[in-house]
Amino acid sequence: MNATDPVVFLLDVDNTLLDNDRFAAELTARLEHDFGKAGRERYWSIYAGLREQHGYADYLGALQDFRATSADEPALLQISAFLLDYPFRERLYPRALAAIEHLRTLGTAVILSDGDIVFQPRKIQRSGLWDAVAGRVLVYVHKERMLETIQQRFPAAHYVMVDDKPQLLAAAKRVLGDRLTTLFVRQGHYADALQRAVIDPAPDVIIERIGDLCELALRDLHGLRKRAVAAAALAATTQGSSAEPT
């Protein structure tokens with residue numbers, strides 16, 4: 001590819017642009033404060049069940065089901081307000097907005113997120129990410145299964161997918177092949193995923209933090225890809241027989 005090719009950057013949200021782990025930790029603390037340890041554990045058990053059933057994070061759905069097991073109506077209303085009014089802009093990673101601004105000088109920046117149809121869009125709006133990409137926002141249940149629709153919505157000669165989950169990047173790469181550059185941001189609870197499992201194909205590009213995108217130019221992609229392959233090969237040799245199957 002070259003700098004004149006039309007490029008679409010597909011940007012994940014949770015633990016890519018925004019520290020969702022910190023949000024979850026604060027929600028956990030609030031649940032325990034308001035409902036005790038048993039209530040906290042009950043909420044996250046409901047949440048895990050809904051995620052297993054539907055395939056995406058549903059904080060509000062979990063709260064709705066949690067309501068049936070709690071008689072503390074005032075506390076329920078307060079935790080609802082906590083979720084809806086949470087200051088997600090304060091949880092953006094350093095230089096996240098600058099990274100988006102930089103990518104918009106190179107091509108079209110699109111938010112591509114998994115999640116429910118109410119809370120996840122609100123999170124994107126309250127964080128400032130919606131405005132940062134001029135409303136180019138897609139939220140799906142399983143975004144890796146929506147690649148054909150994504151291409152129809154935002155046609156391009158080449159795509160760059162930026163995500164904190166290398167397994168998802170690999171799934172998209174197997175579909176789009178050379179039309180997709182996969183960029184793994186080593187942040188959040190998937191940061192050590194390449195050391196814990198064999199990811200095939202490995203990410204084309206690996207960066208340590210989202211702000212590193214500010215240093216990326218289209219002409220650098222080829223060189224970055226070579227360095228990422230070398231890094232993945234080194235990681236594979238160091239993990240040896242401890243690697244887990246995908």
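User: Which strand does β1 pair with, and is the pairing parallel or antiparallel?

Analyst: In this predicted model, strand β1, covering residues 7-11, pairs with strand β4, residues 158-163, in the parallel sense and over five bridges. Within that pairing, L11 stands opposite V162 in β4.

User: What's the strand order in the sheet?

Analyst: The sheet is open and has six strands, which run in the order β3-β2-β1-β4-β5-β6 with parallel pairing. Because β3 and β6 (205-207) each have a single partner strand, they stand at the edges, and one side of each is left without a neighbour in the sheet. From one strand to the next, the twist averages 20 degrees.

User: Which strands does α8 lie across?

Analyst: Helix α8, residues 166-176, lies across β2, β4 and β5 (180-185), and it runs at about 175 degrees to β5.

User: Switching to the helices, how do α2 and α3 pack?

Analyst: Helix α2 (residues 59-67) and helix α3 (residues 73-84) pack at an angle of about 180 degrees, their axes being 11 Å apart, and they are therefore roughly antiparallel to each other. On the α2 side the contact is made by Y59, L60, L63, F66 and R67, which meet E73, L76, I79, S80, L83 and L84 of α3. Sorted by class, the residues of this contact are eight nonpolar, one polar and two charged.

User: And what about α1 against α3, what's the angle there?

Analyst: The angle between α1 and α3 is about 170 degrees, with the axes 11 Å apart, which makes α1 roughly antiparallel to α3. From α1, the residues F23, E26, L27, R30, L31, D34 and F35 meet A75, L76, Q78, I79, F82 and L83 in α3, and this contact has nine nonpolar, one polar and three charged residues.

User: How many residues are in the largest nonpolar core?

Analyst: That core has 55 residues, and those with the most contacts inside it are F23, L27, Y43, Y59, I111, L183 and L213. Helix α1, residues 20-54, gives the most to this core, with ten residues.

User: What does F23 touch, sequence neighbours aside?

Analyst: Leaving out neighbours within four places in sequence, F23 is in contact with Y59, F82, L83, Y86, F88 and F119. There is also a second, separate core of 23 residues, which includes Y140, A172, L176 and L180.

Conventions
Residues numbered from 1 in each chain as written. Predicted model: local features only at pLDDT ≥ 70, side-chain atom pairs only at ≥ 80, totals over all residues. Heavy atoms only, no water. Axes fitted to C-alpha atoms, helices over the stretch in contact; angles between N-to-C directions. Helix = DSSP H or I, 4+ residues; strand = E, 2+ residues; numbered from the N terminus. Parallel < 35°, antiparallel > 145°, perpendicular 65-115°, else oblique. Contact = heavy atoms within 4.5 Å. Nonpolar A, V, L, I, M, F, W, Y, C, P; charged D, E, K, R; others polar. Core = buried A, V, L, I, M, F, W, Y, C linked by side-chain atoms within 4.5 Å. Buried < 20%, exposed > 50% of the residue type's maximum accessible area, 1.4 Å probe, protein only. Pairing = 2+ DSSP bridges.
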